[in-house]
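Here is a friendly walk through one protein model, from the overall layout down to single residues. Keep the viewer open as you read.

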Amino acid sequence: DMVNWSQDHITQHLLHIHSVAPDRVGVFGLCRQDEHRDRIKPIYVHSKLIVVDDEILFTGSANMDDMSFFFSSEIAMNIYDSDIGE
């Protein structure tokens with residue numbers, strides 16, 4: 001379906017970017033141990049933070065797909081400032 005294709009598409013792009021610049025790209029997820037401490041469960045947080053070249057900051061709930069850009073109620077903020085990385 002379209003949702004799985006979209007997630008796979010985003011994952012493929014992130015993996016490609018990471019393969020080109022592994023020292024400059026990180027993809028992180030949150031997880032927790034369950035009550036039995038023998039399994040790890042994901043924590044769902046609908047937010048992203050991207051810093052590009054220490055000058056551009058993007059944060060918000062919008063995904064990088066057509067659904068978020070054109071059909072969903074999402075919010076995002078972009079800041080361009082050459083002093084972000086300092």
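## Overall layout

The protein chain holds 2 helices and 5 strands. Please bear in mind that this is a predicted model. Starting at the N terminus, the order of elements is α-β-β-β-β-α-β.

Of the 86 residues in the protein chain, 13% count as buried. The chain exposes about 7500 Å², and carbon and sulfur atoms supply 58% of that area. Among the contacts with a separation of 6 or more, 24% come from residues 24 or more positions apart.

As a reminder, strands of a sheet pair through backbone hydrogen bonds, in either a parallel or an antiparallel way.

Now for the pairings themselves. Strand 3 is joined to strand 4 (residues 56–60) by 5 bridges, and the two run antiparallel. Within this pairing, L49 has T59 in strand 4 as its bridge partner, while I50 stands opposite F58 in strand 4.

## The hairpin turn

Strands 3 and 4 form a hairpin, with 3 residues between them. Two aspartates are worth a look here: D53 lies in the loop between strand 3 and strand 4, and D54 lies in the loop between strand 3 and strand 4 too.

For context, most residues other than glycine have a negative phi. As for accessibility, D53 counts as exposed because its relative accessibility is 53%, and the cut-off for exposed is over 50%. D54 counts as partly exposed because its relative accessibility is 46%, a value that falls in the range between the buried limit of 20% and the exposed limit of 50%.

## A nonpolar surface patch

Which residues form the nonpolar patch on the surface? They are I50, V52, I56 and Y80, and together they have about 350 Å² of accessible area.

V52 belongs to strand 3, and V52 is partly exposed because its relative accessible area is 34%. I56 lies in strand 4, and I56 is partly exposed because its relative accessible area is 36%.

## I43 in its loop

I43 sits in the loop between strand 2 (40–42) and strand 3. Is I43 buried, exposed or partly exposed? I43 counts as partly exposed because its relative accessibility is 39%.

What does I43 touch, once its neighbours within four places in sequence are left aside? I43 is in contact with L30, C31 and R32. For one of these residues, L30, there is also a distance to check in the viewer: I43 and L30 are 13 residues apart in sequence, and 5.4 Å separates them in space, C-alpha to C-alpha.

Definitions and conventions:
Residues numbered from 1 in each chain as written. Predicted model: local features only at pLDDT ≥ 70, side-chain atom pairs only at ≥ 80, totals over all residues. Heavy atoms only, no water. Pairing = 2+ DSSP bridges. Helix = DSSP H or I, 4+ residues; strand = E, 2+ residues; numbered from the N terminus. Buried < 20%, exposed > 50% of the residue type's maximum accessible area, 1.4 Å probe, protein only. Contact = heavy atoms within 4.5 Å. Areas by Shrake-Rupley, 256 points an atom, 1.4 Å probe, with all protein chains shown as cover. Patch = residues over 30% accessible without salt bridge, like charges linked within 9 Å, V, L, I, M, F, W, Y side chains within 5 Å. Salt bridge = Lys/Arg side-chain N within 4 Å of Asp/Glu carboxyl O.
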